[in-house]
Amino acid sequence: MRTSVAIIGAGPAGLLLSHLLHRQGVDNVVLELRTREYVERRQRAGILEQGTVDVLRAAGATGRLDREGLTHHGIELRFDRRSHRIDLPGLTGGRSVTVYAQTEVVKDLAALREQAGGTVLFEAEALAVEGAGTDSPRVRYRHGGAEHVLDCDLVAACDGFHGIGRRSVPEGALTVAERTYPFAWLGILADVPPSCEELVYAHHERGFALHSMRSPQVSRLYLQVDPDDRVENWPDERIWDELDARFAVDGAWTLRRGPITEKSITPMRSFVAEPMRHGRLFLAGDAAHIVPPTGAKGLNLAVADVTLLARAVAHWRADGDESLLDAYSETALRRVWRAEHFSYTMTTLLHADPGESEFDRRLRLSHLRYLASSPSASASLAENYAGLPMD
Ligand code: RFL
Ligand code: PHB
């Protein structure tokens with residue numbers, strides 16, 4: 001098989017890139033390891049920056065998002081048994097965020113590719129990228145029990161943190177910067193209306209907790225747990241009791257309980273591989289960088305990467321000009337590092353670090369109080385949370 005752009009991975013990055021390239025007349029093929037049902041059900045992100053919604057809208061991918069997405073104008077920080085609202089539009093000149101699950105973004109994009117007759121091969125495992133340093137790279141992959149080769153002009157590795165794209169770059173050509181954290185998130189989905197109108201990020205000495213949502217009927221909640229904790233240690237009652245303790249405030253507030261339909265534990269890490277290019281192999285989304293989820297940035301970064309990459313590829317295909325391809329890595333990394341810093345700050349600010357000193361603990365509380373009381377400090381948080389403009 002031959003195509004212009006071989007895309008590895010049908011997560012949000014790969015599917016959106018495929019759709020954007022198709023709209024610019026650039027043919028492409030997507031190879032995805034998992035089944036379509038699996039990628040459409042994988043529970044992950046829930047918050048879209050306004051810039052992300054704008055990109056999806058311009059690409060004609062927001063029919064359902066416009067009907068079902070929930071626009072949020074604020075978030076709540078909760079600590080010291082008190083609530084503090086961060087007014088997003090008021091502090092950012094009008095920007096807000098949208099609650100719309102990654103599962104739904106992926107379903108919408110997969111449906112658009114299907115309607116347009118795009119080639120997305122599910123259960124197709126990319127094995128290696130060969131010839132990335134030449135003008136005719138190829139992807140070896142396994143599909144339907146046999147090995148095949150996809151010849152192309154350019155490869156986009158949108159295959160997530162554990163994919164093969166990044167690992168196909170020769171040793172020494174990438175620089176990696178990373179950090180791990182001494183905690184993980186236990187995430188649940190529950191069939192119960194959210195107990196809040198806006199997301200609540202709570203810091204408690206027992207640990208961090210987040211109240212998010214998927215719809216007016218479904219709540220999504222997270223608890224900081226130990227990185228080697230196991231889901232089996234968390235029967236439903238224990239989860240609700242712990243959430244109750246961490247969200248407790250002075251005054252009236254009740255956490256609604258309901259049937260838990262999903263539970264999982266996710267480790268947290270910060271990771272950046274650069275440059276995001278090796279010859280004709282380009283890395284995008286989680287394949288190149290990971291942020292801890294506290295800042296809600298991972299999916300938004302993936303969308304920003306492929307927006308840049310699609311523009312650069314279309315420019316190159318139209319008149320042979322490689323300047324945007326050459327600028328891709330540096331341009332993308334500017335946003336990536338801003339999000340890395342913000343996600344790191346939100347993570348260290350809101351979690352309870354089991355190994356920290358009394359001095360560090362007191363600094364954190366002071367930082368939280370400053371964010372809650374100073375308009376300029378909350379404006380900085382709001383600006384980063386709502387997301388920087390795409391260009
Ligand atoms: P994905 O979604 O991991 O997709 C990669 C795809 O590549 C496939 N693949 C392969 N295909 C073929 N051959 C191979 N050899 C392959 N190896 C892998 C995989 O099966 C998969 O389908 O990466 P992508 O597209 O870059 O998207 C990134 C986002 O998924 C990720 O950044 C976000 O989910 C992170 N994230 C959040 N981001 C936000 O912007 N806002 C949030 O509120 C938010 N919350 C979260 C999150 C991630 C979480 N977890 C579980 C890590 C909350 C959580 C709990
Ligand atoms: C989610 O709804 O899954 C979510 C929301 C905000 C975050 C992380 C995850 O910071």
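The questions below cover the ligand and then a sheet.

A few ground rules: this is a predicted model, where local features need pLDDT of at least 70, side-chain atom pairs count only at pLDDT 80 or more, and totals for chains, interfaces and linings use all residues. Side-chain values use heavy atoms, with hydrogens and water left out, residues are numbered from 1 along each chain as its sequence is written, and chains are lettered from A and ligands numbered from 1 in the order in which they are written.

Q: What makes a residue count as being around ligand 1, and which come nearest?
A: One of its heavy atoms must lie within 4 Å. Of the 35 residues around ligand 1, Glu-32, Arg-42, Gln-102, Asp-286 and Leu-299 come nearest.

Q: How much of ligand 1 does the protein bury?
A: Alone, ligand 1 exposes 1,000 Å² (Shrake-Rupley method, 1.4 Å probe), and the protein buries 90% of that.

Q: How do you know that S9 and S10 pair?
A: Pairing takes at least two DSSP bridges between two strands. Six bridges join S9 to S10 (residues 138-143), so they pair; strands here are DSSP E runs of at least two residues, numbered from the N terminus. Val-139 in S10 is the bridge partner of Val-129.

Conventions: Helix = DSSP H or I, 4+ residues; strand = E, 2+ residues; numbered from the N terminus.
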